[in-house]
Amino acid sequence: MISRQARSAIGRQAAHINAQQSLPANLRSYAQVATAQDTKPPVAVFGLDGTYASALYTAAAKTSSLDSTSKSLAALADVFKKDTKLPIILSAPTLSQSDKSKIVQELQRHMGGLDKGETVKNFLRTLSDNNRLSILQGVCEKFGTLMGAARGEMDLTVTSAAKLDNKTIQRLETAVAKSEYSQGKKLKVVSKVNPDIMGGLVVEIGDRTIDLSVSSKIAKMNKLLTDTL
């Protein structure tokens, strides 16, 4: 059986290869120069948004702009939290080049002066040119994961059917921090709401998932009944 360390190493290598093969030429060359200076992302993040986030991390590391890039993307992530219609707008297939340019300008405005080296500004233009603005929210999340790993943090994502109060979140954080799951790392807590789980919690710690949701229990019960009958 392949060890967890080996699987992790294989996953990182596969993600790196996938990133180089699936990126458009302008973004691929954007990241390749940086790779030569050993600025690879600290962990593998998957999906198309993960591929772009990894390329952005590499480029920002090469230009010593990781901090400003992280702050800029955090500002954009806040925009998504405040404007729930933004993902729908960015995914609209009818967006013209003029529309996309205006959107990029508006996103830049929300970043204020955080984007010191204009790394994110150039990245947004790349997304726009390649019709990938729709993955921006995912890129913000995956880049946050990369930065957390670089700082020695571990993601703790808690998904509930309804919004949890701060006291409950703090109790969960304390419980996980004392467990073996935290691996002694500082936890970066992200709280999400998904009514589809119907109740209970889904807790994701690093690459582990603990599904305590009502929907999961119902699914298991249905499977048991189906197998029995």
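Which residues in α3 meet Leu66, Thr69 and Leu73 in α4? I looked this up before anything else. On the α3 side I found Leu56, Tyr57, Ala60 and Ala61, where a contact means heavy atoms within 4.5 Å.

**Ground rules.** I am working with a predicted model, in which local features need pLDDT of at least 70, side-chain atom pairs count only at pLDDT 80 or more, and totals for chains, interfaces and linings use all residues. Residues are numbered from 1 along each chain as its sequence is written, and side-chain values use heavy atoms, with hydrogens and water left out.

**Overall layout.** I noted 10 helices and 4 strands in the chain; these are DSSP runs numbered from the N terminus (helices are H or I, at least four residues; strands are E, at least two). Read from the N terminus, the order is α-α-α-α-α-α-α-α-β-α-β-β-β-α. The chain has 229 residues, and 36% of them count as buried. For that I used under 20% relative accessible area as buried, over 50% as exposed and in between as partly exposed (1.4 Å probe, protein chains only).

**Back to α3 and α4.** I checked how helix α3 (residues 47–62) and helix α4 (residues 66–82) are placed: their axes come within 8 Å and cross at roughly 140 degrees. The axes are lines fitted to C-alpha atoms, for helices over the stretch in contact, and angles run from 0 to 180 degrees between N-to-C directions. So α3 and α4 are oblique to each other, as angles under 35 degrees count as roughly parallel, over 145 as roughly antiparallel, 65 to 115 as roughly perpendicular and the rest as oblique.

**Salt bridges.** I searched the whole structure and got 5 salt bridges, each a side-chain nitrogen of Lys or Arg within 4 Å of a carboxyl oxygen of Asp or Glu. One of them pairs Asp49 with Lys142, with the closest N and O atoms 2.8 Å apart. Asp49 sits in helix α3 and Lys142 in helix α8 (residues 136–150), so this pair ties together parts 93 residues apart in sequence. Buried or partly exposed? Asp49 counts as buried at 18% relative accessibility, while Lys142 is partly exposed at 21%.

I also looked at Arg109 and Glu106, whose side chains meet in a salt bridge at 2.6 Å, N to O. They are 3 residues apart in helix α6 (residues 97–111), so about one helical turn separates them. Arg109 is exposed at 55% relative accessible area, and Glu106 is partly exposed at 36%.
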